[in-house]
Amino acid sequence: MEKALSQTIILAVMITMFALSLPSIIYSFNVFSQYSNYSKAKVTFDAAQEIYADALSLISENGNQSSFVLTKDSGSFEPNWVCGNLWPSAFSPCSLDSNGTSAWRSFTPNTPAWDYVMEFYVPKGTASFLLKFSWWFYGYGLYNLIFGAEVGKGNLVGKGDNAWTNAVFYEFYYSNELFAEPVSDSGQASVALTGDETFALDAQIPPSDCANFCYFSFGMSVKVITSLANFTVLLPTNLQVQLVSSNFKLGPKNGPDAQFDLSRFGNVTATLQIIYDSKVIAQYTSNFSNGETLTYYVTSLYPYSELPKITILFNVPIAITGKANDISVEYLGDNVSLALPFKTIVTTGTSQTWVLMLLGCQKQCEVIISPA
């Protein structure tokens, strides 16, 4: 009896020493009747919940190994100009000089038209931006001239629709006089554009006013001066982010794509704080403005052996399979499936000791689950 008791004590000490030697947190479930249906279901459910919670803990507790990458809007959008003359209800071909950021055209109309335009389409998915442009026109023999810019929704260039129909019109110049001498004018303007919109520079002249003779030329140069898109922070789904300065606090907002509108502040100096379970786990102070994107990487350590780990020790064999954002946990035929807020790379198998390792985060964290 005493020998058996001594062996039990030695075994308990060995198990305790083994547990203490593991690199991270240890969990063990006590099952009084592990073969009952209730116990099987409870063990399976508890195991799945423990894996779920530990993966989140692994992600959140490694903020000291995180990194922040701030990227600015490139402002590289270059218009792809086309042009057309409207008469009487559809575009006719025309010639246009363009070098991407500048475009101009001039003509002595052989066939009078109502509108002479040059325009470009902003592709779908393009972030909102502010287009600043310098415009000019020169002409004589003109009567009832209206000159300006327009913004219409949709690919009006590709469809051949009238770019000035159902559009916002910005008038630069208007005259109802016949010019005895050449007249010129120029100026600067800006307009907000976004994806799936058409921008047009437009001269409208009644056909009868050019029946005898008129000459006209106009052009513009454009520049993307700033993005109007919100300041974006990319981070794991289970984390939150807030912007804090001496003058304001914005957030917290949830991942994976947190948006902050800084239009009323302009360029601001603030501290970006990453939050998990109501606690700040990482922070970054810098200048921020609309059109920028900041990506929060939980860790970038490599190789995998150096990554932070959590070891889960069960007192019964747990089987795990999984793919992408789902895992299936099984014990003695009882199964629980979980949809996860992180991507798992599961080494399928059955084990009483499982290791969770954080591979990294970009929009969504990746966690590997494997037998020890």
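The paragraphs below go through a predicted model, from the overall chain to its cores, aromatic rings, surface and backbone exceptions.

The protein chain has 372 residues, 46% of which count as buried. Its secondary structure consists of 3 helices and 25 strands. Among contacts in the chain with a separation of 6 or more, 70% are between residues 24 or more positions apart. The accessible surface of the chain comes to about 18,800 Å², and carbon and sulfur atoms account for 51% of that area.

The largest nonpolar core contains 35 residues, and the members that touch the most others in it are Leu131, Phe133, Phe147, Leu193, Phe199, Phe218 and Met220. Two or more residues each come from strand S5 (102-107), strand S6 (115-122), S7, strand S8 (145-153), strand S9 (167-175), strand S10 (183-193), strand S11 (197-204) and strand S12 (215-227). Another core, of 28 residues, lies apart from this one, with Val329, Leu338, Val346 and Trp354 among its members.

Phe199 shows what the surroundings of one of these core residues look like. Leaving out residues up to four places away in sequence, Phe199 touches Trp81, Met118, Glu119, Phe120, Leu131, Phe133, Ala149, Glu150, Val151, Val191, Leu193 and Met220. The list includes the core members Leu131, Phe133, Leu193 and Met220, and also the acidic residues Glu119 and Glu150.

Aromatic rings come next. The structure holds 20 aromatic pairs. A pair of aromatic rings is described by the distance of the centres and the angle of the planes. For Phe133 and Phe172 the centres are 5.9 Å apart and the planes stand at 55 degrees, so this pair is tilted. Phe133 belongs to strand S7 and Phe172 to strand S9, so the pair ties together parts that are 39 residues apart in sequence. Both Phe133 and Phe172 are buried.

The rings of Trp135 and Phe147 also form a tilted pair, because their planes are at 55 degrees, with the centres 5.6 Å apart. Here the partners sit in strand S7 (Trp135) and strand S8 (Phe147), so the parts tied together are 12 residues apart in sequence. Trp135 counts as buried because its relative accessibility is 7%; Phe147, at 0%, counts as buried too. The residues of both pairs belong to one aromatic cluster, made up of Trp81, Phe120, Phe133, Trp135, Phe137, Phe147, Phe172, Tyr173, Phe199, Phe216 and Phe218.

Strand S7 (residues 129-140) also holds Tyr138. Tyr138 has a relative accessible area of 32% and is therefore partly exposed. Together with Trp104 and Trp136, Tyr138 makes a nonpolar surface patch of about 280 Å².

Charged side chains give a short account. The count of salt bridges is 1. In this salt bridge the side chains of Lys42 and Asp46 meet, with N to O at 2.7 Å. Both residues are in helix H2 (residues 37-60), and they are separated by about one helical turn because they are 4 residues apart. Lys42 counts as partly exposed, because its relative accessibility is 40%.

Two backbone features remain. Most residues other than glycine have a negative phi, and most peptide bonds are trans. Gly251 and Pro252 are joined by a cis peptide bond, with omega at about 5 degrees. Pro252 is placed in strand S15 (residues 249-254). Leu332 has a positive phi, near 50 degrees, although the residue is not a glycine. Leu332 is found in the loop between strand S21 (326-331) and strand S22 (334-339). With a relative accessibility of 43%, Leu332 counts as partly exposed.

Strand S15 contains Lys249 as well. Lys249 has a relative accessibility of 53%; the limit for exposed is over 50%, so this residue counts as exposed. Not counting residues up to four places away in sequence, Lys249 touches Gln242, Leu243 and Val244. The C-alpha atoms of Lys249 and Thr271 are 9.5 Å apart in space, while the two residues are 22 residues apart in sequence.

Terms used. Residues numbered from 1 in each chain as written. Predicted model: local features only at pLDDT ≥ 70, side-chain atom pairs only at ≥ 80, totals over all residues. Heavy atoms only, no water. Patch = residues over 30% accessible without salt bridge, like charges linked within 9 Å, V, L, I, M, F, W, Y side chains within 5 Å. Areas by Shrake-Rupley, 256 points an atom, 1.4 Å probe, with all protein chains shown as cover. Salt bridge = Lys/Arg side-chain N within 4 Å of Asp/Glu carboxyl O. Buried < 20%, exposed > 50% of the residue type's maximum accessible area, 1.4 Å probe, protein only. Core = buried A, V, L, I, M, F, W, Y, C linked by side-chain atoms within 4.5 Å. Contact = heavy atoms within 4.5 Å. Phe/Tyr/Trp six-rings, centres within 6.5 Å; stacked < 30°, edge-to-face > 60°.
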